Amino acid sequence: MNNILTVARRECGAYFGTPIAWIFIALQIAILSFFFFLYSPFFIIESADMRVWFGLTPFTMMVFAPAVTMRLWSEELRTGSTEVLLSLPVPVKDLVIGKWLASVVVLLASVVCSLGIPATISWMSASPVDWGPIMGGYIGTVLAGMMFLALGCWVSALSQNQVVSLLVGVTAGIVLVLALSPDFAAFLTSTSEPLARTVEALGVQSHFRSIERGVLAISDVVYFLSGSCLFLALTVFQVELKKQ
Amino acid sequence: MDQSHPGGVSVTAPPSTLEKMVIEADGLSRSFGQTRAAEKVSFKVKRGEILGFLGPNGAGKSTTLRMITGLLAPDEGTAKICGIDIASDPIAAKMKFGYLPESVPLYDEMEVIEYLRFVGTARGLVGSDLAKGIERISHRLGLKAMLRRRCGTLSKGFRQRVGLAQALIHEPEVVILDEPTNGLDPRQIIEVRDLIRELAKECAVIFSTHILQEIAAICSRIIVIHSGRLIADGTPEELAGEYREGWQVVVEGSGVAPQRCGELQLAEGIPGSPGETVHQWLGDSIPDLQHLQKRLQESGSPLVQVGVGRESLEQVYLRLTGGEELQR
Amino acid sequence: MNHRKSQFATRWISSLGLLVLLLVICNMIAIQFDQRIDLTRIGIHTVSPETGRILSELGEELTIEYWVSEKMPSGLQNLRRDTVDYLEEFQRSATGAGAALKVQVINPSRIIEEYVRTKEESGDIPAQDPAQALMGGSTSFADEIKQQLAQQGIPELQGRSFKDDGFEIVPFYSALVLKYLDRDVEAIPVHTNLEGLEYELVSRIAKLASSSKPVIAFFHGRPEDLITTDSSGSPLQQPVGHFDPFVNDILKERFDVRRIDLTKSSLVPEEASLLIIAEPNALTDRQRFEIERSIISGRPAMVMSSTTSGTLDQRLQFTPLAPALSRSWRMWGVETVENVLVASKECGSIEVLRAGPFGSQFRQPVPFNLCPSASGNGLDGTSPLTRGAGSIIFPFATPFAINQEMAAKAGVEISVLASSSDQSWLPKYSPGYTKEMDTVPVDPALLGVRHLCLLLEGSFPSTFEEGSAVPPWDPTEETDAADGPKVAPMESQPGRVLLLGSADIAKYASLSMYQQNVRFLVGAIEALALDPDLAKIRAKVQVSSALRKTERNERNLVTYGNMVGIPLILMLIYLVYSASRAASSASHENRVNSERVSS
């Protein structure tokens, strides 16, 4: 545990000591706010909730998570600092989890920075705001984010080149969000019903959707946690592979 | 030890059960695809030794060191650090040594003190131990003024010192340095050498280099690696015992081209006095001076003199790693 | 592959495989024994316990068919899944309540294809009637089956989808059909929203399960006033009552409406669950007595009353009405402000004939001050009676004033459900449209919020003293107070009275112009008349609570505050942080250097 925290603290330092995390968070807030207030006009819908915001989350996450994680391993592999890192008496799994945890901290920071939206809603709402679905949306954001970040970690460990990591990560995200979507599943239904159901169950959207509307299902939580687990295990594998 | 290898100089260190072996490498082999980077490398290091790992670029020095430090899994063989097998208990083994990789990779965005804190904490130092460790090592390496600098803004020399500080912060029993003087200016090289000498009072030091002078200057023991094989192991004196006496042919300029050396029964040239190159005569009999002079004239390297001389360490090294191998 | 590699590969492939297996099993278990936590305050996605109670009344298996297309228009992509999800939840709770419920999801295009195929195989030829084709009738087997479906309450709908650079019209189905025994099928033909679905389903199930509809008594205080001409002014063959369309077309669908005259032979039926009083005008004391009796017995009442009735369809013309019931509710703490109208610039619009080019005439909607609207903050979004109504328009309204002292004395609780905006004023009654009605008064003291809809709750006291003579049916008849019947003591049951300050709100002319009022009226009537359980379910409409009225600069503040402000603050924090780090590192260096020099 101490090892994980040590690694996470260092990575947080790298995120927040340089403009990286700040820029990502600022950009994410700006883009989401743009879509929330201007593109899908909040003041025309006039509904005091955040469904639009959370509806957009998987799509922004799909791009921003790999952008945040792309440096985690790629950068170290490029400069060769893995040599020192791996010579430290720290198990590889602790390194992997620590780095991932740091990216989760960035995610949490971006969640905190988006609290301006609920504040806006409570200021402008005519009647008391229903906070349940908003809390649920944030829980969903963090859960889905954890999985996307774990995916990003794995992809980052695949290549020394950050840009390659980013592109592969975004592609993987698109597969998870768009290809394995309920719409695609509906398209497949005529071909093979079980295949369609599998595709739907594997995708992010079908699991994010109920959280977005305010229902927290154990199965969705388990999905996101097992996704994170799988990708972190793959990252450990990928790093161990460097020793081979 | 490497008794089986006919080409190598086999020097068996006197068996000593009293002295603690801090590194025991046993038959380490490793290949990358078709290339054999290391083949059955075995050696032991005891406390207080400074072991020079000598060999040309690409000989397998780094590969061997990385196998010892657990950064690379060996195809065969084992490495033990202070009696702990790096493969079966990597965490305990890694506590025992400090390692400075060849390229001295630091995290550019971190301040030196943050970096040292990170490495120290990861190596199990906490609280006042950590603060003391940083204080001690930064004092020793003259890093105090640099502690709050970002690593990315340091000069090459200071980077190297931070790299060393990182390897030494937890007072390890073994220090493994891969090409520690690479890219440093002469003054810095001397500083590093002094530091290594000083370190040897407390722990074992292994360092690799492709520069011979370093070995001669500070090592208590030398291992020569070539094409992945260990071809010599001994103190500089022990190796010197293997120096051959024989005819030396001194020519003008940069010497005879390597591909023609065999034909002339000459070893590859090594630099002698300024503007001259010394070749070892490989023939069994006394060289035919007139014939030799003619041939050398033809090859554009006029003969300066032929005499009897003793091989220098360089010549031994070159003979061990160079053309003579092919001759045999 | 050498020994090391194969060993590594086997170890990792097997452990990763094991992990994947474990995770798949975990997920399958989680799906099998899924627990859902509904985070919405009112539990919109959860079936309420009241539903369970109503479902438990089902004796036989009920089938819910969800007819939904595979391809849905852009905005409704989630609907299919959300609904199927919800129906599953509904089914679970039905099973929990001991009711048999079957949910079927049907793809209409399959049914249509099958129908067309069997028809074609049997060699039938579709009716080729050109006239029918022109009228949009069936010209093919597909149209034939589509028409049949539409008759069963499964119409083909049209939606829009984004395509390339524009919109594409997408025909789709989304209908719910409920089948129970051999009773008439109940359908929700257009299901596009999960909101209120529970009520829609349960109310239909309740209807299917019970053989009779709830009874409503409807009393019109001015039956002599009839519609005699149509909108263009030509006389109708048969005059129509102003409330006929509301009662016959809207209320009769869900309720058994009994029209009463409040005469000796036409009293409020015992089984009536609601008494609606429309446009009370000249009531006799006996009629008022009967109304009070009905209210005191605990039967809810809804009163649409004002001191002015107007015409919306033709030339403006106002008729004064007597505030017949005000004597009763004065005692309950409500005062009627007589002989004034409520005017507001925030109002509904009426269509006005305008002269167009070349002597033509066209209708143009213009805001009409005398139809004040209650919306936003003027509307209580939490009450089951007004929830879901976006805005309500009160044509020719009379404002109510609340006398809290009287209300407290009577034990009546009064809540304001709807009021006009704070820019409303009260022009004097006049038979025609006056300048005072048209212009906003200069004096700000004349402007203010006016209450247009009140809900009275409590045990209402009677204005007829116990033991006094019951008023006779014929007021002209002289009765001897000693012989006539006396007012019998009656225990007052808790009840509810909904007061609407507009006599015209449910009239045809008004409803055809302000269709949003239909939703409000039906909702309020259902909430008052229904089984309390059903009313509770009905109240469970998601309050995606609306925003309050915002100023332009407030909107800009939050938009750019979030979009630009927060990112800028972040950048600023970083700059300050990195500058302070740089400064402290420089000072550290200086200090160490100077120490070294001094030592």
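In helix α6 of chain A, the residues A:Val96, A:Lys99, A:Trp100, A:Ser103, A:Val104, A:Leu107, A:Leu108 and A:Val111 meet A:Tyr138, A:Thr141, A:Val142, A:Gly145, A:Met146, A:Leu149, A:Ala150 and A:Cys153 of α8(A), where two residues are in contact if their C-beta atoms, placed from the backbone, lie within 7 Å. By class, this contact of α6(A) with α8(A) has twelve nonpolar, three polar and one charged residues, with Ala, Val, Leu, Ile, Met, Phe, Trp, Tyr, Cys and Pro counted as nonpolar, Asp, Glu, Lys and Arg as charged, and the others, Gly among them, as polar. This is a predicted model, in which local features need pLDDT of at least 70 and side-chain atom pairs count only at pLDDT 80 or more, while totals for chains, interfaces and linings use all residues. Residues are numbered from 1 along each chain as its sequence is written, and chains are lettered from A and ligands numbered from 1 in the order in which they are written. Helices (H or I, at least four residues) and strands (E, at least two) are DSSP runs, numbered from the N terminus.

**Helix packing in chain A**

- Helix α6(A) and helix α8 (residues 131-158) of chain A pack at an angle of about 140 degrees, with their axes 9 Å apart; axes are lines fitted to C-alpha atoms, for helices over the stretch in contact, and angles run from 0 to 180 degrees between N-to-C directions.
- The two helices α6(A) and α8(A) are therefore oblique to each other, given that angles under 35 degrees count as roughly parallel, over 145 as roughly antiparallel, 65 to 115 as roughly perpendicular and the rest as oblique.
- On the α4(A) side, A:Val68, A:Thr69 and A:Leu72 meet A:Lys99, A:Ser103 and A:Val106 of α6(A), a contact that has three nonpolar, two polar and one charged residues by class.

**Where chain A touches the other chains**

- Between chain A and chain C, 50 residues of chain A are in contact with 49 residues of chain C.
- The elements of chain A that each supply at least two residues to this side include α7 (116-124), α8 and α13 (218-242), while the largest share, ten residues, comes from α2(A).
- By class, the side of chain A that touches chain C has 30 nonpolar, 14 polar and six charged residues.
- Strand β1(A) pairs with strand β1 (residues 36-38) of chain C in the antiparallel sense over three bridges, and the bridge partner of A:Leu216 in β1(C) is C:Ile37; two strands pair if DSSP finds at least two bridges between them.
- The contact of chain A with chain B takes 20 residues from chain A and 22 residues from chain B.
- Helices α1 (2-17) and α5 (82-87) of chain A each supply at least two residues of the side that touches chain B, and α1(A) gives the most, with six residues.

**A sheet in chain B**

- An open sheet of six strands with mixed pairing has the order β6-β7-β8-β3-β9-β10 in chain B.
- The strands β6 (97-100) and β10 (229-234) of chain B stand at the edges, each with a single partner strand, so one side of each is left without a neighbour in the sheet.
- Strands β3 (residues 50-54) and β8 (residues 204-209) of chain B run parallel and are joined by five bridges, with B:Leu51 opposite B:Ile206 in β8(B).
- Helix α1 (residues 61-68) of chain B lies across β3, β7 (174-178), β8 and β9 (221-226) of chain B, and runs at about 150 degrees to β7(B).

**Strands in chain C**

- An open sheet of four strands in chain C, with mixed pairing, has the order β3-β2-β6-β7.
- Strand β6 (residues 174-180) of chain C pairs with β7(C) in the antiparallel sense over three bridges, and the bridge partner of C:Leu178 in β7(C) is C:Glu186.
- Strands β18 (residues 347-355) and β19 (residues 361-375) of chain C run antiparallel and are joined by eight bridges.
- In the hairpin of β18(C) and β19(C), with five residues between the strands, C:Phe358 takes a positive phi near 55 degrees.
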